[in-house]
Amino acid sequence: MQQNTFGPISGSTILGGISGKKAIIMAANIRIATVAQGIFQAAKDTDSAVFMELARSECDLKGGYTGFTPKTFSEKMNEAAKATQCVIWALHADHISIKTGSPEEMEGTRQLIDAQIAAGYTSFAIDASHLFNFEGKNVREELEKNIIATTDLARHIKSGMKGKAFGLEVEVGEIGRKDGEGLILTKPQEAVEFIKALQENDVFPQVIAIANGSTHGHTYDASGNVVEQLSIDIPQTRAVAQALRDNHLHVGIAQHGITGTPRDLINQHFPKGDIIKGNVGTFWQDVVFDIFKVYEPALYQEIQEWTLEKYRPLNPGKKDKQVFDGNCKMAIKEFFKQIYSVDERTNDAIRAMAYAESLIFFRSFSSYGTASLVRASMKK
Ligand SMILES: [Zn+2]
C-alpha cells in the first residue's frame, strides 16, 4: 500500500535496514517546505533513504516557529514525496523536548505525540536530556528522571501506534551544553547505563543522541562571524559507539547539529555506521534565505528588519549580523504567507539548490544505495 501512496515508512525499518553498513542517513529539518522536493528528488536519484523532521520548537500544536503543526507538516512532506515518487523515507518528530518533567508538561507532550501519530509520523525522538540530576551519586541517579520520562513517553507512543512499527531516538547529554571549560561531552558509561535502563523497561530505541561537541545552528568566532564547525569529538563518539557495541545494545548514534561541518571532513573522518543518523537543520533554512537575497530582495529586507527590530533589544552587545543569523528562524511563521507565495522561479532555484546540496550530503554520508538496502530488508 505504501508503495502506491508514497507515505512514510517506519524509522526503525530504515535504521534496521542499514544495520552494519558504514552509512549515515540524513535527517533534514524542513523549516521551509520548499526545500523538501529537492531533497526527495536527490534521495530518489541517489537511492538514499532519508528522514524528514521538525523539532517540537519548530512544529507543535500551535505551529512552533515554522508555522507548521504535525498535520500540516505531514501533508507537505507527503505531497513532496508523491511529487518525486520517493518511497524510502520516514516522518520523524525531532526533539520532543521535556524541560521539567512536570505533570502538566508530560500531559502536553502526550497530546503532541497523539497529534503526531494521527498525522502519520513514523519515527520519534524523545529528548528528556535536560532532566539531568547534577546531585546524583552515580550515573543511574544522574539519569533517573530522564529514564522515567523517556520510558513514560515511549510507552505512550507504543500504545498510540497500535502495533505498527516506529522509529525511536532517545537523548542523553544535552547537545551544546557548556560548563566553565567548554562543551560537556557524553561519557560512554552514561550512554550504556541509559540504554540498559531503558531496555530493562522494555523500551528499545534504535538510535541515541549524545553530546559530542556539536551545537545546533551556526558556529561563530569572537566577532560574531559564522565559521566552520570543527568541534565534533570523533574519538569520543567512537568510544561511545564501541561501549554500546561491547554491551550488545544494538543502538547507533544520532549526530545532531551538523550544519557548518565541512562535508569533506564528514566524508573522510566521520565514523559512519557508528553514527547512523545525521541531522541537518539550519543549513536548509540558509539555502532558502540565500536565494531570497537575490530572488526576493524586498521580502528578504522585510524579514531582516522585522527580526532585528524584535531581537536587537534582547541581544545587547551583539552585532546585527549575529542577531539576525541567530533569530531569523523566528520570522518563518511571521512571514509564512509571503514565503509560500514567492515567484515560481524563486521556488525553482530553492529546489535546485536543495537538490544539489542534498547530493553532497548523501555522498559525504555514504548513503547512496541505502534505500535499496532498506527495500531488501523489507522483503525478508
Ligand atoms: Zn538536535
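1. Which way do V207, I208, A209 and I210 point from β8, and are they buried or exposed? V207 and A209 point one way and I208 and I210 the other, and all are buried, where buried means that 20 or more other C-beta atoms lie within 10 Å of the residue's own, exposed that there are 12 or fewer, and partly exposed in between, with C-beta atoms placed from the backbone. In a regular strand the side chains alternate between the two faces of the sheet.

2. This is a predicted model, in which local features need pLDDT of at least 70 and side-chain atom pairs count only at pLDDT 80 or more, while totals for chains, interfaces and linings use all residues. Residues are numbered from 1 along each chain as its sequence is written.

3. Strand β8 pairs in the parallel sense with β5 (residues 167-172) over four bridges, pairing being called if DSSP finds at least two bridges between the strands, and strands being DSSP runs of E with at least two residues, helices runs of H or I with at least four, numbered from the N terminus. β8 also runs parallel to β11 (residues 252-255), to which three bridges join it. I208 stands opposite V170 in β5, and its bridge partner in β11 is I253.

4. H218 is found in the loop between β8 (207-210) and β9 (219-220), and it is partly exposed, with 19 other C-beta atoms within 10 Å. Leaving aside neighbours within four places in sequence, H218 is in contact (C-beta atoms, placed from the backbone, within 7 Å) with V226, T259, G260, T282 and D325. H218 and G257, 39 residues apart in sequence, are 8.5 Å apart in space, C-alpha to C-alpha.

5. Helix α10 (residues 282-295) has 14 residues and reaches 20 Å from its first C-alpha to its last, close to the 20 Å expected, that expected span being 1.5 Å times one less than the number of residues. Its buried residues, among them T282, W284 and F289, pack against β1 (25-29), α3 (34-46), β12 (275-280), α11 (297-311) and α15 (344-364).

6. Helices α7 (residues 188-200) and α8 (residues 234-246) pack at an angle of about 40 degrees, with their axes 8 Å apart, the axes being lines fitted to C-alpha atoms over the stretch in contact and angles running from 0 to 180 degrees between N-to-C directions. The two helices are therefore oblique to each other, since angles under 35 degrees count as roughly parallel, over 145 as roughly antiparallel, 65 to 115 as roughly perpendicular and the rest as oblique. P188, Q189, A191, V192 and I195 in α7 meet A239, V240, A243 and L244 in α8.

Definitions and conventions: Two residues are in contact if their C-beta atoms, placed from the backbone, lie within 7 Å.
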